[in-house]
Amino acid sequence: MLKYPLTISNSWLKSARTCERMFHYKYREGLRTQKISHALERGTWVHAFLDEYVQTGDWGNAEADLRKTYPEGVEGTDDYLLTLADLCDGILNHYTEEYGEEDMEIVDSEVMLSARIPGYDWSLTGKIDLFFRQGGILRGRDYKTGRIPSPDQRLMDPQLYIYDFLAADNGLDVEIWDYDYIVPALPTNPQELKAGGLSKRKNIKATHASYMAAIKDAGYDPADYTDILAILKNKPNPFFVRETVHRSPVVTQAILSGIESTVGQISYLDNATPGIWAPTGMHVYGACNGCEYKPLCITDLHDGDRGVIIESSYTRKEDRGKETRGQKETQKEEEIYVNLAKR
Ligand code: SF4
């Protein structure tokens, strides 16, 4: 149960800052593309597998749920989704190999927290993936599936600063936060060479453990592969990166002030005519690429028939029936949108 009714989240802020039109389509019109997003489904299911794993040491229930959601033999089911359970299972196998049994006492997982911004009648909310104790210290963790960002991107990512603010306001004195980056891919098996033996390509996307397993599967002698095995042993794992986040009070303050100005901007836009929604995503490098609203946005900007596009490509909040697990997660974000002008 959230403490305050008027809430905004990191996703809400991200969308508002990226593009006014994107924010408008997503939060004011409540539109969602009909196409299932592979990235969203994959991320949501990897989180579900990890949550079960930290709670029970296994991910069998999440895997069974996923296989039931996208069963084999059903005509028309997307090929990627049919193999998603195998991918998630493989990721968890490698993840547990990388980190082993962590000596942790779970405090709580998937925790929804809210906190009032001092001096304002609105609050922030966020779902924290994991709180745990290690060596008597309270720690917080956020799982990220996708590309591993550069260190400077990570240091300027507001998410964990917001989570730290939320935790502190809820009496959780977190000493260490970390991002657990998970690349949603499996190691590549080395190629069998025509002349016999396995390829020793140095830039192969593999780990020491996966290469060793491939040698054993192919029935070769590991002693013939000590060179490539030594390289892989000394290389950072390309699939998992765990980074502790250094917190800076200056950045926290700057982020809270930035939130204030974003809320002010949205509040202003709520009072403006719909025509004022600017295609700001065009100015943000790459924001239009992959934007789920691109077909509608182009139609609107060129005065086309938006009804036809909405009918064929989007669902409205009030019309949505059966949703995927990923879409349900996003729906929670939509539900916290409030029209600030009505306050
Ligand atoms: S296509 Fe670009 S301008 Fe249009 S809503 Fe998406 S991000 Fe904004």
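Is Arg306 buried, exposed or partly exposed? Arg306 is partly exposed, because 14 other C-beta atoms lie within 10 Å; the classes are buried at 20 or more other C-beta atoms within 10 Å, exposed at 12 or fewer, and partly exposed in between, with C-beta atoms placed from the backbone. The structure is a predicted model, in which local features need pLDDT of at least 70, side-chain atom pairs count only at pLDDT 80 or more, and totals for chains, interfaces and linings use all residues. Residues are numbered from 1 along each chain as its sequence is written.

**The whole chain**

Display the protein as a cartoon. The secondary structure comprises 14 helices and eight strands; helices (H or I, at least four residues) and strands (E, at least two) are DSSP runs, numbered from the N terminus. Of the 343 residues, 24% count as buried. Among contacts between residues at least 6 apart in sequence, 68% join residues at least 24 apart; a contact requires C-beta atoms, placed from the backbone, within 7 Å.

**Stop 1**

Select Arg306, which is placed in helix 13. Its C-alpha atom is separated by 6.5 Å from that of Leu296, ten residues away along the chain. Leaving aside neighbours within four places in sequence, Arg306 is in contact with Leu296, Thr299 and Asp300.

Axes are lines fitted to C-alpha atoms, for helices over the stretch in contact, and angles run from 0 to 180 degrees between N-to-C directions. Helix 12 contributes Pro295, Leu296, Thr299 and Asp300 to the contact, and helix 13 contributes Arg306, Ile309, Ile310 and Ser313. These residues divide into four nonpolar, two polar and two charged; Ala, Val, Leu, Ile, Met, Phe, Trp, Tyr, Cys and Pro count as nonpolar, Asp, Glu, Lys and Arg as charged, and the others, Gly among them, as polar.

Next, select Asp303, in the loop between helix 12 and helix 13. Asp303 has a positive phi of about 55 degrees although it is not a glycine. Asp303 counts as exposed because 7 other C-beta atoms lie within 10 Å.

**Stop 1: the ligand**

Which residues are around the ligand? They are Cys19, Arg21, Met22, Pro279, Gly281, Met282, Ala287, Cys288, Cys291, Tyr293, Lys294 and Cys297, where the criterion is a C-beta atom, placed from the backbone, within 6 Å. Helix 2 (20-28) and helix 12 are the elements that give two or more residues to this shell. The shell has nine nonpolar, one polar and two charged residues.

**Stop 3**

Leu130 stands opposite Arg141 in strand 5. The two strands form a hairpin with two residues between them, and Gly135 in the turn has a positive phi of about 60 degrees.

Gly140 has Trp177 of strand 6 as its bridge partner.

**Stop 2: helix 8**

Select helix 8 (residues 159-169), which is mostly covered, with eight of its eleven residues buried. The buried residues are Gln159, Leu160, Tyr161, Ile162, Tyr163, Phe165, Leu166 and Ala167. Just after helix 8, Gly171 takes a positive phi of about 75 degrees.

**Stop 3: Glu110**

Select Glu110 in strand 3 (residues 105-116). Glu110 has a positive phi of about 50 degrees although it is not a glycine. Most residues other than glycine have a negative phi. With 13 C-beta neighbours inside 10 Å, Glu110 counts as partly exposed.

**Stop 4: helices 3 and 4**

Finally, select helix 3 (residues 38-56) and helix 4 (residues 60-69), whose axes come within 7 Å and cross at roughly 150 degrees. Helix 3 and helix 4 are therefore roughly antiparallel to each other. The contact is formed by Trp45, Ala48, Phe49 and Glu52 of helix 3 with Asn61, Ala62, Glu63 and Leu66 of helix 4. By class, this contact has five nonpolar, one polar and two charged residues.

Conventions
Contact = placed C-beta atoms within 7 Å. Pairing = 2+ DSSP bridges. Parallel < 35°, antiparallel > 145°, perpendicular 65-115°, else oblique.
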